[in-house]
Amino acid sequence: MKKKLLSFFSILIFSAAPIISFTGCGSDAEATNTLIVLNYGKYIDADVLKRFQKETGITVKYEEYEQVEDMYAKYKAGSINYDVICTSDYMIETLRKEDELIPIDYSSLPNYKNIDKQIVDASAAFDPTHEYTVPYFYGTVGILYNNQMVDEETVSSWDALWNPDYKNKIVMINSQRDAMMVALEKLGYDINTTDKKQLDEAYDLLCKEKKYVYAYLQDETYECMISEDAAMAVCYSGEAAMGMEYNENLEYTVPKEGGNLWIDSWFVPRTCKHYDAAMKWIDFMCEEEAATTNFEYVWYATPNTKVAAHEDEETLADETVFPTKETLSRCKLYEAYDDETLNYTTNLWKKLKAY
Amino acid sequence: MNNRFKTSFLAAPYALWVLICTILPLLYILGYALTSSTGSFTLANLTAIADPVHLKSLWLSIKVAFLTTVICLVIAYPVALILHNLKITNKGFIVFMFILPMWMNFMLRILAWQIILSNNGILNSILSAVGLPTLHILYTKSAVTLGMVYDFLPYMILPIYNALSKINDQVIEAAADLGANWLTTFTKITIPLSKDGIISGIIMVFVPALSSFVVSNLLGGGKVLLIGNVIEQEFTLARNWNLGSGLSIILMIFVILSMSIMNKVDDSENGGMLV
C-alpha cells in the first residue's frame, strides 16, 4: 500500500512538474528582472555583462549564434522571446520589412549621444527612417594573411583565393552571403545582384575554389591563422585584428576589387517582453566605459566616439580596426535579398558544401 | 489482478516518459515531414531525397558509417579477445578503462583531434621532426572517419567483450580435444558464439555514425556534408523544418532497414547452427 501511494505521488509530481514550471515562467517577479539577449559569438566582454547585471539588478539570459542566418532561424523558431538582439545590416532590413521590429525610444538613452553620426547616417541603408537601430560595431570583410607565406601583391586581389600554390592553405569564410560576395567581386558584379546567371557564375567559381580550401570557418579563423595552419583567410576585420595581436606575421587587407562594409546594430524585436530593460541594455552598450571594454575585446571599429580617448595612437592608426576612407570607398553594404533570391543562394551554398 | 494493477501503475511514469520524449516528437516530425510550409499535405519532403545534393550526402554518410564500422570491428575484436584472455580477476576494471574516456566531454575529445591533426599540429610536428613528409588530414573525410572511429570504438569493444566472456571455456577445450587447431577453434567456435556481440556492436556503431553531424562539423571544416549536416542545416540555416523532418524520416527508414538486415543475419545463422 505504501508503495502504491508512493508511486501515486510520483505520478502526481511528474504530471504537475510542467505546470509548476510554466507558472514559474509567467510570474511577475521574474518578468521585470530578466532580459533575454541574443548576440553574435565572442561579441561582448564578459565583464561588461557582469557589470550590467550588478548595476541594474537585471538578470541577463545571454545567448549567442555564429552565422547571421542562424540568428534568423533562432528568432523565427519562436520558442524564446528575445528582448534585444544584435545582428547585421541586411538581416535587420529583412526583419524590418517583415514588420518584426519595435521602435527604439531614443530619449531614454542618455548615452546615445556618444554614437558617431556618420555611422548612424550610413545605417539608413537598412533603417531609412532611423527608428529601430543603435549601431554596435562596424567593419569590413577582407583577407587576413601571413606575410611569411604570401606577399602583399598576391593578396591585393581576390584572385589569391584561386591560386593553386596555396592549396590547403586557404581558409574561406563560412557564411553564404560573404562567400558569395567574394566571388561576385572577383567577377566584377554587384555584390547585391539578384541576377541568377551572375549568382550561378559566382557559385561555379566557389566550386573551383573548394579544392584549394583548407576549411570553411568563421569563429575559429583567427586561431587557425595564429597557429599558421593556413596562409590566408577571408574574415571580418575584427577577427583579423584579434589574430594580429597574437602573431606579428599577420596582416589584413581589403582587396582592390572591393568588399563589404557591415554595421552590426542592436534592435528590439516584436517578441520583447521587457522593453525598459532592453532600453537599459542598449544604453549601457553605448556607455563610454562599457564600449571601451568591449572594443578592447572584439577589436572591430566602434561607432562610439568616446572610445578614442582611451586608446593609444597606434591603435587609432590601425587600418585593420578603423578602415581608411579609401578602403571604405571600395566597400558596399549588403541589401536584403528577396525570398526567392535568398532561397536560391541558400540552395547554392548547400550545393557548394556537398560539391 | 492486484499484481497486474500494481505493475501498470508503476509503469505509468515510464509510459509518460515514452509518450513525451519518444512518441510525441516522432509524431511532430512526421507531421512536419508530410506538410509543406503552408500546411498542406505533400510528399515532396520525402521525395526530396532524390535531389542530387541529398543523395550525394546520404551516400557519403553510408560510406563513412560503413568504413567506421569496419575499422571499429577490425580493431575491437582483437582487443576484446586479448582483454578476455588476460587473466585479470577484476573484470570490472577493464570495463572501467574503456568507459573512462567517455567521462570527458565528447566535444572536447573531438576538439583535441583538431589540435593533433591540423597542418601545424602535433602529428605533423612529430612527422617533420623525424624527417617524414607531413600529412594533410584535418578537414578531410579521413579526419571525419577517424573521429568517428575514435568516438564509437568503445561501443564495439564492450558488447564483443561481453559476448566472449559468456563463452564457456570447456567448449574451447572440447574443440581442442577433438583435434581442432587454434584457427579452426577461432572460426568455428569463438566467432559464431560471439556473433550476438558483434551484431549489437555493429548496430551501435553504424546507426549513430550514419546520422552523426557533430564530428563532420568539427573535423570536416565545412567541406564534408553528411546527411546529418544537411538535416541540421535545414533546421538552422535554411529554416525549412518540413524538409529537415522529411529527410529525417528517410534517414530513420535507412536505420530501420540496416537494423533489420542485421537481425536477419542473426536469425538465419541461429537456424544454421541448429541444423
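## Two domains in chain A

The C-alpha centres of domain 1 and domain 2 of chain A lie 26 Å apart. Domain 1 of chain A covers 33-138 + 262-316, and domain 2 covers 140-258 + 326-354. These bounds come from an automatic or database domain assignment. This is a predicted model: local features need pLDDT of at least 70, side-chain atom pairs count only at pLDDT 80 or more, and totals for chains, interfaces and linings use all residues. Residues are numbered from 1 along each chain as its sequence is written, with chains lettered from A and ligands numbered from 1 in the order in which they are written.

Where do the domains meet? In chain A, 15 residues of domain 1 are in contact with 11 residues of domain 2 (contact: C-beta atoms, placed from the backbone, lie within 7 Å). Helix H5 (residues 89-97) of chain A gives the largest share of the domain 1 side, 5 residues. By class, that side has 7 nonpolar, 3 polar and 5 charged residues. Ala, Val, Leu, Ile, Met, Phe, Trp, Tyr, Cys and Pro count as nonpolar; Asp, Glu, Lys and Arg count as charged; the others, Gly among them, count as polar.

## A covered strand

Strand S3 (residues 84-88) of chain A is mostly covered, with 5 of its 5 residues buried. Buried means 20 or more other C-beta atoms within 10 Å of the residue's own; exposed means 12 or fewer, and partly exposed lies in between, with C-beta atoms placed from the backbone. Helices (H or I, at least four residues) and strands (E, at least two) are DSSP runs, numbered from the N terminus.

S3(A) pairs with strand S1 (residues 34-40) of chain A in the parallel sense, over 2 bridges (pairing needs at least two DSSP bridges). Here A:Val37 stands opposite A:Val84 in S3(A). S3(A) also runs antiparallel to strand S10 (residues 259-269) of chain A, joined by 4 bridges. A:Thr87 stands opposite A:Ser265 in S10(A).

## Where the chains touch

Contacts link 27 residues of chain A with 23 residues of chain B. On the chain A side, the elements giving two or more residues are helix H1 (2-26), helix H4 (68-77), strand S7 (213-217) and helix H15 (339-354). That side divides into 10 nonpolar, 7 polar and 10 charged residues.

Helix H7 (residues 141-166) of chain B has 26 residues. H7(B) reaches 37 Å from its first C-alpha to its last, close to the 38 Å expected at 1.5 Å a residue (1.5 Å times one less than the number of residues). 19 of the 26 residues of H7(B) are buried.

Where does H7(B) bend? The bend is at B:Phe152, by about 45 degrees, and B:Pro154 follows within four residues. The angle is taken between axes fitted to the seven residues ending there and the seven starting there.

Note on methods. Two residues are in contact if their C-beta atoms, placed from the backbone, lie within 7 Å.
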